[in-house]
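These are my notebook entries on one structure. I set down what I looked up, entry by entry.

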Amino acid sequence: MSEHTYSIPVGPLHPAIHEPITLKIDVEGEEIVGVDVFCSQVHRGIEWLGMNRNNPIQNIYLAERVCGICNVCHPFCMVQAVEDASGIYPPERADYIRAIMAELERIHSHLLWAGVAAHEIGFDTVFHYTWALREKVMDLIEYLTGNRVTKAIMMVGGVRRDISEEGKKKIKEGMQYYLEKFAKIEDIYLNDPTIKMRTRDIGVLTREDALRLCAVGPLARASGVPKDVRQDFPYGAYADYGVKAITPDTYNGEIHADVFDRIIVRLLEVKQSVDIIKWAVDNLPSGPILAEKNLVKLKMLLKKAEGEGIGRVEAPRGEDIHYVRLEKGKDPYLSWKIRAPTYNNVLPWIPMLLGGQIADVPIVAASTDPCMSCLNRVTVVDEKGRKYEITKEYMHELSVKKTRRLMRNANRSF
Amino acid sequence: MLTGAFEVIWYIAASFLISLFAIPFGLLTKGIDRKLAAHMQWRVGPPVWQPFWDVKKLFQKETIVPEDAISWLYNAAPILCLASTVTILLYIPLGPFPPILEGHGDVILILYLLTIPSLAMVAGGFASSSPFASVGAQREMVLMMSYEFPLAATVIALVWKISSLYPQEAAFSLTAFARHPIWNIMGPFGIVGAIVLLIVLLLVTTGEITKVPFDIAEAETEIAEGVFVEYSGRNLGLFYLADAVKTVVMSALIVAIFFPYNLSPLLTPNISIPSWGWAIVDFLFFLLKLEIVIFFCMTFIRVSVARFRVDQVVKVYWGYLTLASLLALILIALDVML
Amino acid sequence: MMFFEVLKLLFKKPFTNKFPVKYAPKNTLGLIEKVQKGEVKINPPVDTPPGFRGKLEYDIDECVGCGLCAQVCPSHAIELVKDKNWVIMHCKDGAKLAAPLKIRIYVSRCIFCAQCVDVCPRKCLKMSDEFLLANEDKLAEDLIIPGP
Ligand code: SF4
Ligand code: SF4
């Protein structure tokens, strides 16, 4: 650090980063020479509520609120974990409906991201334009689930709403709309010289770094790591479809691992989602949508269930994992652990930002599509100037203690 | 002695009149710009008079001075910025009316005066002692230095042409431009050169009034409004007004240099109304020209591109625009020689 | 390149749905009053689809007070209360006067998940398509079901 270095705090309140996270950036002129990330500016205690206050059915809606945008992935993932633990598996039709919902969500999330990214580089026209196009999928979601954003469609052992013939028609119409508009979106994002100027060779995350830092989702795929839960560990209907992870070389044969590549990957994924939805609607099997229709009975079954389960879902931002442990005779989960994709995708910010310019911070940070609401889990208390830093060693000690306690409790109930 | 006193009073009154015109018109322009930009972005946008509400609101709000700021400089910067911007208008002809300070200064003076609002912003930015504001102030300086050359080159090329044809004119005065509209005196090479210079000047204007893609000094998503990050209330309101007036200044300059035409010479043979009526018609025509220029140098550009990075801005100004203006200079030189 | 696109958009009708009015009114409450009196017309919101999840409707007479809805409500928006109307209940040991259990829903807490609708054995809960529920007072009269 030379004497010309000074540091700029980006966040927790900053127009570029809409959520509470702090990036401390050391700059020399415009160049970034040091980056540090401070997470956990807020803590909502979602897992605690799930383990102490709520019964599994209430938890579905709590999981839905882990993140405003991924409100299918989180309950989907949690429900999978619970199903894994309790052995109440969904019928086939429910699997397909879940996949349709998850892909609708991916379309809306990626379009939302694309708009935000355009806004970050000061291209507001594209931002408004993309969001206007996004309305169609929002309307579709509203039609299918009853609300624009929170879908409230997951249930342990199935889904809560069926897709009617009318609904199928609407979905097909909507997908046709996106296939038509896709050329336009592609033209705007991939051929506009100013967007290219701001994103080509910016925020490069090499393949090695992506692997080393466990990047997930489009971020990893843009670095040439073909990693996608839907491909590697297919769940539900995806196993029938055979998803292929999209890397930027499918578009133009080269991998730069930069922000532009992330745009490519996300846009292509929108198209992939459209394909998956069309396929799922065409092949929607008939049958029930719930394994256990009677909610009261389901609640009893879950209360009686015992065991642990893991759910993995490819959320729009990457791999989402929920771990759930159920205990007999107790409504709340014994243990619930959420590992949201942003948790993995925050550390890659550091190699991506180093050596860049201040002007790149917003777009590079946005290029991972960060979602702090999923990420935060530890509070650092700052009280009267005294700062409690939770060190790694202390965390480890706490975890060991907790694991022992859990094991003891679990043993006792056997 | 008496005339001297009268002159001073006239200047003071005129400055008032000018600000009475420039500030509301600048705000209205901002409103129109926002409305048009909104429509180009497929949305409705605020009502045209929204900037007036904004200013009213800002002036009612509390003005906060950061603890570490150099408060006198911090408070003086917005006033200086607005005052200097209004001053420039005194040197620019407004449609049918010659500049109020005619004969006291020329284009070169205007070029110098144009830097003062930016310098005031830089001073205010540094005085507010926020890292974002410092970055913003640095960027503002970079921006200023990079558009200075194309701006100067444009003006000099045109002045050269005029003075070579009419050596008796006071070469650098804007009224000379008004008397000899450049499109009338140029040969074919000169026309091409002048078009290039017009484009250069339009782009310089975009930078001068810090709008996307050259709004690096404010860059909302990067450095949170940069130099203005700490400003609030009345001070921010003054900067807002200065920005509005600056838009008028820059477009009036372009109109004065490139489109000094009036409607009256064209229409007098056919329609007869008193001369003050013609003054009004010409003035309205002038306002229309301003709006058209502003549409192209501000609204249209800012909705159709992304913001550049600092190095890219420098490259655009020092590289492309400087090259373009030099090329235009050569074309005009050819024109003069032929 | 957006240059031509923006020019095209300039002459297109804006995408925005101008609900409730094109520009923010000076006085919102005044506007609402005027609308109620029928003096001004507002632009309608986008239509809600069938099956929209809006404000709950509660049929108090059907409700048997089983409390299942309160058990599954994720946001604890439902409270079990004693009914104001006492009724004669017929038990083993003769008839007696008692207040049956009913529920009270705090709409300001409700997250519109429709879980209570699904679980209710008497089907006395229903979701309407009413969604304009913003209020400054979270205990306002129309945000508590059933009303006073
Ligand atoms: S809709 Fe959901 S949140 Fe609202 S009262 Fe019913 S269960 Fe509770
Ligand atoms: S579940 Fe239905 S019947 Fe039971 S208390 Fe709730 S509203 Fe009444």
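**Entry 1: chain B against chain A**

I began with the area between two chains: chain B and chain A bury about 2400 Å² between them, and 61% of it lies on carbon and sulfur atoms. Buried area is the accessible area (1.4 Å probe) that two parts lose on being put together, summed over both. I note that this is a predicted model, in which local features need pLDDT of at least 70, side-chain atom pairs count only at pLDDT 80 or more, and totals for chains, interfaces and linings use all residues. Residues are numbered from 1 along each chain as its sequence is written, chains are lettered from A and ligands numbered from 1 in the order in which they are written, and side-chain values use heavy atoms, with hydrogens and water left out.

I then looked up the residues that take part. Chain B gives 25 residues to the contact and chain A gives 29 residues, where contact means heavy atoms within 4.5 Å.

How many salt bridges are there between chain B and chain A? I found 1 salt bridge, a term for a side-chain nitrogen of Lys or Arg within 4 Å of a carboxyl oxygen of Asp or Glu. The partners are A:D360 and B:R309, whose side chains meet at 3.0 Å, N to O.

I also recorded 9 residue pairs in polar contact between chain B and chain A, both residues at pLDDT 80 or more. A polar contact is a pair of N or O atoms within 3.5 Å; within protein, one must be able to donate a hydrogen and the other to accept it, and residues adjacent in sequence count only if both atoms are side-chain atoms.

On the side of chain B that touches chain A, the elements giving two or more residues are α5 (131–165), α9 (220–223), α12 (275–304) and α13 (310–337) of chain B. Helices (H or I, at least four residues) and strands (E, at least two) are DSSP runs, numbered from the N terminus. The largest share, 5 residues, comes from α5(B). By class, I listed 13 nonpolar, 5 polar and 7 charged residues on this side. Here Ala, Val, Leu, Ile, Met, Phe, Trp, Tyr, Cys and Pro count as nonpolar, Asp, Glu, Lys and Arg as charged, and the others, Gly among them, as polar.

**Entry 2: B:R309 and other charged pairs**

I returned to B:R309, which also meets the side chain of B:D311 in a salt bridge (3.2 Å, N to O). B:R309 is buried, with a relative accessible area of 11%, whereas B:D311 is partly exposed at 33%. Buried means under 20% relative accessible area, exposed over 50%, and partly exposed in between (1.4 Å probe, protein chains only).

Over all chains, I noted 30 salt bridges. One of them joins B:D33 and B:R302, with the closest N and O atoms 3.0 Å apart. B:D33 lies in helix α1 (residues 2–40) of chain B and B:R302 in helix α12 of chain B, so the pair ties together parts 269 residues apart in sequence. B:D33 is buried at 4% relative accessibility, and B:R302 is partly exposed at 22%.

**Entry 3: the nonpolar cores**

Which residues touch the most other members of the largest nonpolar core? Of its 168 residues, they are A:L23, A:I100, A:L104, A:I107, A:Y189 and A:W336. A nonpolar core is a set of buried Ala, Val, Leu, Ile, Met, Phe, Trp, Tyr and Cys residues joined through side-chain atoms within 4.5 Å. Helix α4 (residues 92–120) of chain A gives the most to this core, with 15 residues.

I looked further at A:L23. Not counting residues up to four places away in sequence, A:L23 touches residues including A:I8, A:V37, A:W349 and A:V361. A second, separate core of 92 residues includes B:L27, B:Y91, B:V155 and B:V313.

**Entry 4: chain C**

C:F3, C:L10 and C:Y23 supply 37% of the area that chain C buries against chain B, more than any other three residues. I found 0 salt bridges between these chains and 2 residue pairs in polar contact.

Lastly, I located C:S75 in the loop between α3 (68–72) and β2 (78–82) of chain C. Is C:S75 buried or exposed? C:S75 is buried, with a relative accessible area of 11%.
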